[in-house]
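Please look over the model shown here before reading my remarks. The points are meant for a reader who is meeting this structure for the first time.

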Amino acid sequence: MNTATSPSSVHAGDVNHAPEIRGAGDLAKLSLAALGVVYGDIGTSPLYAIKECFTKPHGVDVTPENVLGIVSLFFWSLTLVIVVKYMTFIMRADNHGEGGILALLALLKPRAGEGGGKKIFVYIMLGLFGAALLYGDGVITPAISVLSAVEGLGVGTSVINKPEIVAITIAILVVLFLAQKRGTAGVGLVFGPAMLVWFLVIGGLGASWLVRRPEVLAAVNPAHALGFFSHHKAHGFFVLGAVVLCITGGEALYADMGHFGKKPIRAAWFFLVFPALLLCYFGQGARLLAALSEGPEALAAVAENPFYALTSGMWRYPLIAIATFATIVASQALISGAYSLTQQAVQLGYWPRVTIKHTSGKAEGQIYIPEINGALMVGCIALVLAFEESSKLAAAYGLAVTGTMSITSILFFGVVRKWGWSKLTAGSLVVVFLLIDLAFFGANVHKLAEGPGAWFPLVAGAFIFALMTTWHTGRARLYEEIKKTMQPLSGFLDSLKIEKPHRVRGTAIFMSGNPDGVPPALLHHFKHTEVVHEQVVILAIQTRHVPEIAESARIEKIVDLGQGIFQVVAVYGFMQTPNVLEVLELCRAQGLVTNKAKTSFFLGRETLVISERKTGFARWRKTLFAFMSRNARPANAFFQIPSNRVVELGTQIEL
């Protein structure tokens, strides 16, 4: 095994996306910030995870053996999946500091000169479906988290019932989504401290019951987990569908790595999050053991919601308030993650152009996408209205999470093979990961037979997957059609020498997807006007499979082709938003000077015609692609070009 080459090689101009840590102070600040973003999802799992294991129809009865078995499963799930898989191995597969399933997929994309083949195609399809499932996760998490917190108001009282709980949950979700356009820069300052309070509170509550019933610590022995399966057999396997709720958010550790870096994420986990979660889960187990001696009525009340049973009386209301705020933080993290995922998908060519608004002048990753925000809000509200209870939502939750985790393991195999690991070493490790991932996934599959609710993540994932693959395939076919009619630059330059057309003052910028050919917009402009600007810039903006490209390396190529015509290639990372005016300023620094007041931008606009003659692309996909193209954000807005200086030249293309 060759581990020396495990990180991807850094090329000139690539930026390591993780922040620099100069000392203990920086580590402490970043670790605190990570609490508010990375650990919101997994940190709020104690609200509902233990409860689901004892909730019918798949839950088990509250007995000493079952309590120890469940708590043992929680302990070993957190240890094997989060500590071993993600903290120890998966987080090593960073794309210049950036993590996440699309960053992992970008590592697998072949570079220039490397072969592709069916293997890469399979990885790409799996990666895209994993990314599609994450969108479903982004809808389910805010709904189940906020709903489970608000349900605390109904514990032990008949004053607040299901309709009121649903109404309060929807109100909180609406406020949360409407506040997104303000950005997370200001609110983010309180996210870390708020989650710090949350972890201290749940750890303290768990510890208070742990000292009363220390026998629950026996659950550390894996024999209790194995004994649970031995006793319950198939039913015990199905309970894993609830146990998996304790590791939801594991993907966030990896996906948010670029925002904080590996060290702060690991420090926050081992020094606070992991101990607090274990204390809370063991504390809930201790509370259930104590309830066994309090009578059937008391036991039923505790089993109904073991988390809120850690307190009683008036102390429960401050806990509900803290829990509600913690779930808002957890929801914010998933919503921001959906924005980041969309930005990456757009840059990598798997999603149409959308409105990307930067909400912070300092943090590149803080963005707001209105289209995604609106879709998530509608989805969350619809789920709350449809399911009404967090227990019913939990059935839909597991499939999305375990599906994504399984795909991450498979992609990790491809990455470590590129590092130089042998098939035996890489395969042995990934097989262990998949045994755990697929066990959790299999434990959730049976829920598909119980009703339409459990189908939601798969249906949502399949729909998003269809959109992503249709867009990518459609753009590739469109590019091939344009390429067929594209004239080589050398031929165009020769024709200019012969025809000597009239040259008009000013600069014309022609955007092009292929820097080596003549943009169709330039050919159409020349054909219809028979004039050429005195300065012509053929500008290609390309995306590299790294998170960020340093500004100093943004301009990859400037070539003077003669006759006042220049070829420019600018490059961006998949976590960055292109800016044409910024590119022109960087060109100025390298000697290519353009006059802003006398510069016009020429863009091609394709009108797609669906043709039965063109095969290899289903008609429904052609129709879908044409619809997505019509509704994509205009190129001038996406590339941040002043709209009053844009000229669009249309052409019809058959699909």
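1. The model is predicted, and local features need pLDDT of at least 70, side-chain atom pairs count only at pLDDT 80 or more, and totals for chains, interfaces and linings use all residues. Residues are numbered from 1 along each chain as its sequence is written, and side-chain values use heavy atoms, with hydrogens and water left out.

2. A search of the whole structure gives 20 aromatic pairs, where rings of Phe, Tyr and Trp (its six-membered ring) pair if their centres lie within 6.5 Å, with planes under 30 degrees apart counted as stacked, over 60 as edge-to-face and the rest as tilted. The ring centres of Y339 and Y368 are 6.0 Å apart and the planes stand at 85°, so this pair is edge-to-face. Because Y339 belongs to helix α15 (residues 316-347) and Y368 to strand β3 (residues 367-368), the pair ties together parts that are 29 residues apart in sequence; helices (H or I, at least four residues) and strands (E, at least two) are DSSP runs, numbered from the N terminus. Both Y339 and Y368 are buried, where buried means under 20% relative accessible area, exposed over 50%, and partly exposed in between (1.4 Å probe, protein chains only).

3. Ring pairs also join F89, F412, W419, W421 and F433 into a cluster.

4. In another salt bridge, E556 meets R544 (2.8 Å, N to O). E556 lies in strand β7 (residues 555-562) and R544 in strand β5 (residues 531-544), so the pair ties together parts that are 12 residues apart in sequence. E556 is partly exposed at 45% relative accessibility, and R544 is partly exposed at 27%.

5. M405, in helix α17 (residues 390-419), has 2% relative accessibility and therefore counts as buried. Leaving aside residues up to four places away in sequence, M405 touches V81, K85, Y86, I247, G250, E251 and D437, contact meaning heavy atoms within 4.5 Å. The C-alpha atoms of M405 and T507, 102 residues apart along the chain, are separated by 51 Å.

6. L32, L196 and L200 make a nonpolar surface patch of about 230 Å². Patches are made of residues with over 30% relative accessible area and no salt bridge, like charges being joined within 9 Å and nonpolar side chains (Val, Leu, Ile, Met, Phe, Trp, Tyr) within 5 Å; accessible areas come from the Shrake-Rupley method with a 1.4 Å probe, and for residues only the protein chains shown count as cover.

Definitions and conventions
Salt bridge = Lys/Arg side-chain N within 4 Å of Asp/Glu carboxyl O.
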